[in-house]
Amino acid sequence: MSKQLILNRFLKYVKMETASNPDAETCPSTPGQMQFAKMLAEELKTIGASKIRLSEYGYVMAEIPASAGVKAPAVGFIAHMDTSPDFNGKNVNPRVHKNYDGGKIVINKLKNMSVTPGADCKGHDMITTDGTSLLGADDKAGIAIIMTLAETLIKNPQIKQGPVKIAFTPDEEIGRGADKFDVKAFGADYAYTIDGDKLGSVENGNFNADSFKIEITGVNCHPGSAKNIMVNPVRAAADLINSWPVSKLPETTEGTEGFILFNNVTGNVEKMEIKGIIREHDLNKLYALEEELKKLIEAKKATYNGANIALTIKEQYRNMKIILDKNPAALEKLEAALKACGVKYKLRQIRGGTDGARLSFMCLPTPNIFAGYDGAHGPYEWASLDAMEKSFEVIKEIVTVK
């Protein structure tokens, strides 16, 4: 029954266009997210959730009161409404493939497009795109799982549970999901984002993350009379980027290895601007990468005498493992639920970040639980309905009081 409920919701949700927009200054960044938020708030009302709130910024919150006489920590579940702006999220046409045989699934014959989820998903009911859009399982799978949990608890009062808090957030894909999250109003003792990928994936750590901007101002003049006068910031920018160690780039690192990514270069012979990100799981190593970048810049100042090279570093988020290690209740409860549900899991330090990272540093410890998808942000995204159902079983086990 829960499997069909999850599927019905998921197929409805992915048809909503909710891609976020990094260039917008509003919250949410796109009107489709607010429309989706209103629909979710109405659905929560229909199934009988309590204290439903839709903020002016598109955050949806609701509660399921504890069973009579039950005293337990308030547990929160969070998923984000937006899809990635990196690929088309309009006119999503999901396709359900029953009883997957473990081999290749053709998603678009004309374009010769296929996915191969592999033996771990053999026998599962799989959901793919038609090759023209992303699927949106990241993170509408999480929303469908949480909403089905809410309906199940409300319609089955014989299930004894502690207080449950629910939140659906905007703009996670552009790094703003926690910007206007009201932790106090949410009221959870700890929480979980249902935004991990394949079955058994559990994230209790993430990158420490900073962004940077390098501004290079040179000396411009007519190129015909430039000798001993011109200081070209275009050359300086190219040289600086090319001088960064190849071994410390995203394309040459894996696991817990850190990197610097130069992801945007703009300007001209007057002034250049380089933007990028710095990532490391170990905070001391993050600072070491930043010091290495500063030394490189100082060297280039000497090479391009007369150029003004200024570096600005901005903190983005920190590794939630720092907080979760000090506040182990959320992870202990999760691991117990995973074992009770027979899920083979692996704790991971993800090479990225989640809303849970920022929320953990906002005094809401928040590890990340699998939502059953893979290949996010593109046309090869797929989801396992069986993995989604297993995620539902795990979060139901977390809140059940025996």
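Here is a friendly chat about how some terms apply to this structure.

User: What kind of model is this, and how are residues numbered?
Analyst: It is a predicted model, where local features need pLDDT of at least 70, side-chain atom pairs count only at pLDDT 80 or more, and totals for chains, interfaces and linings use all residues. Residues are numbered from 1 along each chain as its sequence is written, and side-chain values use heavy atoms, with hydrogens and water left out.

User: Why is Thr 18 called buried?
Analyst: Buried means under 20% relative accessible area, with exposed over 50% and partly exposed in between (1.4 Å probe, protein chains only). Thr 18 has a relative accessible area of 1%, so Thr 18 is buried. Thr 18 lies in the loop between helix H1 (2-13) and helix H2 (31-47); helices (H or I, at least four residues) and strands (E, at least two) are DSSP runs, numbered from the N terminus.

User: What makes Val 92 count as buried?
Analyst: Val 92 has 5% relative accessibility, and therefore counts as buried. Val 92 sits in the loop between E3 and strand E4 (95-97).

User: Which residues does Val 92 touch, not counting residues up to four places away in sequence?
Analyst: Contact means heavy atoms within 4.5 Å. Val 92 touches Val 14, Lys 15, Ser 133, Leu 134 and Leu 135 on that count.

User: And which residues is Thr 18 in contact with, leaving aside its neighbours within four places in sequence?
Analyst: Among them are Thr 30, Phe 36, Met 81 and Lys 140. With Met 81 there is also this detail: its backbone oxygen lies 2.9 Å from a polar atom of the side chain of Thr 18.

User: How many cavities of 30 Å³ or more does the structure hold?
Analyst: It holds one. On a 1 Å grid over the protein atoms alone, a cavity is a set of points where a 1.4 Å probe fits but cannot get out, and lining residues have an atom within 4 Å of a point. The largest cavity has a volume of about 40 Å³, a volume being the space filled by probe spheres set on the points, which are joined across faces, edges and corners.

User: Which strand gives the largest share of the lining of the largest cavity?
Analyst: E3 does, with three residues. Strand E3 (75-80) and strand E9 (190-196) each supply at least two residues of that lining. The lining residues include Ile 78, His 80, Asp 195 and Asp 355.

User: How do you know that E17 and E18 pair?
Analyst: Two strands pair if DSSP finds at least two bridges between them. E17 and strand E18 (residues 382-384) have two bridges, in the antiparallel sense.

How values were computed. On a 1 Å grid over the protein atoms alone, a cavity is a set of points where a 1.4 Å probe fits but cannot get out, and a pocket is an open set with protein on both sides within 12 Å along at least five of seven lines; lining residues have an atom within 4 Å of a point. A polar contact is a pair of N or O atoms within 3.5 Å; within protein, one must be able to donate a hydrogen and the other to accept it, and residues adjacent in sequence count only if both atoms are side-chain atoms.
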